[in-house]
Amino acid sequence: MTLRHNGPMARYSYSRLETYASCPLKYKFQYLDRVKVDVGPSVEAFLGSRVHDALEWLYGQVQLGLVPTLDEVLARYGEAWDAEWTDRVRIVRQGVTADTYRRLGEKCLRLYFRRHAPFAEGLVLGLEEPFSLDLGEGIELTGYIDRLTKHDGDVYEVHDYKTSGNLPTPEEAARDVQAGLYALAVRARFPHAREVRLVWHYLRFDERLVTSRSEVELAELRADTVRRVREVERATEFPPQESALCAWCEYFGICPAKGHRLVLAELPPSRHRGEPGVALVDRLAALKRELRETSARLEGEIAVVEEALVAYAREHGFAVVVGTEVEATVVDDEVLALPGSGDPERVELEDRLRRLGLWEACATVSLDKVKKLVRDGDLPEAARAEILALARVEPRVTIRLRRRRPAE
Ligand code: SF4
């Protein structure tokens, strides 16, 4: 169902949604607070831009009826590399230099050239082609298509160049969200298209993964994208989500998940233990460990004493055993054991309670489930607002201990 929407369109891109999925805090820095940090691009992003520029130039020449030589493409690439390079470009990986990446870009272009020259496949409709797609419900999806081509029989191809070091499997390529969204955009722009092919070039591997999407898949993707946008719009908390990608994050220097790591990085390892934060975390971890161990030991001792007490009471026929300050009642009877939540018979029990009209009398509301429904569920806005009207916002501090991440 398409809801009527009167407000301004909310504009999203694939990378914006992916940023939220990978780290909500990074999303907040980048898209909500628009924080400016004095950090240059990663060398991987720099390499990707230079290779994209070179291929854009190459196909621009092809559109003019010219076919550049490989040397011309490489010269163009090298000139742009030199012109754009600054010391602000970040090299994160150890043991590699700018030249490693520069040569990697040349290799990508060489492989691409050898496979595709003289670049006569299809009619180029657009290079770095911007698109805007109305997803309905007031949501606009925007992006750029590296190269859009038209082929005989109303077949359209979206070409995307990847310089990353990961080669997806064909199954992963068939599920690729970015490719699916681009297919949606091309279908919307060329409704008469007989077929839209998604050609993803993995340049480092000299591989191209060609997929397409069915109407059903596109409808599901559209609905899922709207759901993702709604989730982002509803978000009120933006926690940091640390991952291997943090090393490339431009907000590393201001990220609260990294601040203490940066403090420690400034200290020699011999002074880490004396640092106040380290000392507090170590003390807390030691106390929690002690609590766990003590509690396990006491539970074991309690079980042994209880067993002995029951044996004593039974032997003497006592229902109450008296201590110095407290006394213990020992009740020997039977209890009903009903199927628990993981028990296969639980579903049957719930069905029977409903059938017998007892459900309302027995069921209790799970507040955790209500919270999840309000936060992540696909609830109508009016229903969400009605529930939230009864909720309060309370301050909360949570401390969780986890195994320390390797040094970054
Ligand atoms: S450094 Fe990591 S946790 Fe912090 S904002 Fe960036 S991606 Fe998120």
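Trainee: Leaving aside its neighbours within four places in sequence, which residues is K28 in contact with?

Mentor: First, this is a predicted model: local features need pLDDT of at least 70, side-chain atom pairs count only at pLDDT 80 or more, and totals for chains, interfaces and linings use all residues. Residues are numbered from 1 along each chain as its sequence is written. Contact means that two C-beta atoms, placed from the backbone, lie within 7 Å. By that rule, and skipping neighbours within four places, K28 touches D33 and F238.

Trainee: Does K28 count as buried or exposed?

Mentor: K28 sits in helix α2 (residues 24–32); helices are DSSP runs of H or I with at least four residues, strands are runs of E with at least two, and both are numbered from the N terminus. A residue is buried with 20 or more other C-beta atoms within 10 Å of its own, exposed with 12 or fewer, and partly exposed in between. K28 has 20 such neighbours, so the label is buried.

Trainee: How far apart in space are K28 and F238?

Mentor: Along the chain they're separated by 210 residues. Going C-alpha to C-alpha, though, the gap is 6.7 Å.

Trainee: At what angle do helix α3 and helix α5 cross?

Mentor: Axes are lines fitted to C-alpha atoms over the stretch in contact, and angles run from 0 to 180 degrees between N-to-C directions. For α3 (residues 43–63) and α5 (residues 98–116), the axes come within 10 Å. They cross at roughly 30 degrees.

Trainee: Which residues of α5 meet α3 there?

Mentor: The α3 side brings V43, L47, R50, V51 and A54. V51, for one, touches G105, C108 and L109, among others.

Trainee: Which residues does the cis peptide bond join?

Mentor: Look in the loop between α5 and β2 (123–136), where P118 lies. Omega is about 10 degrees for the bond joining A117 and P118.
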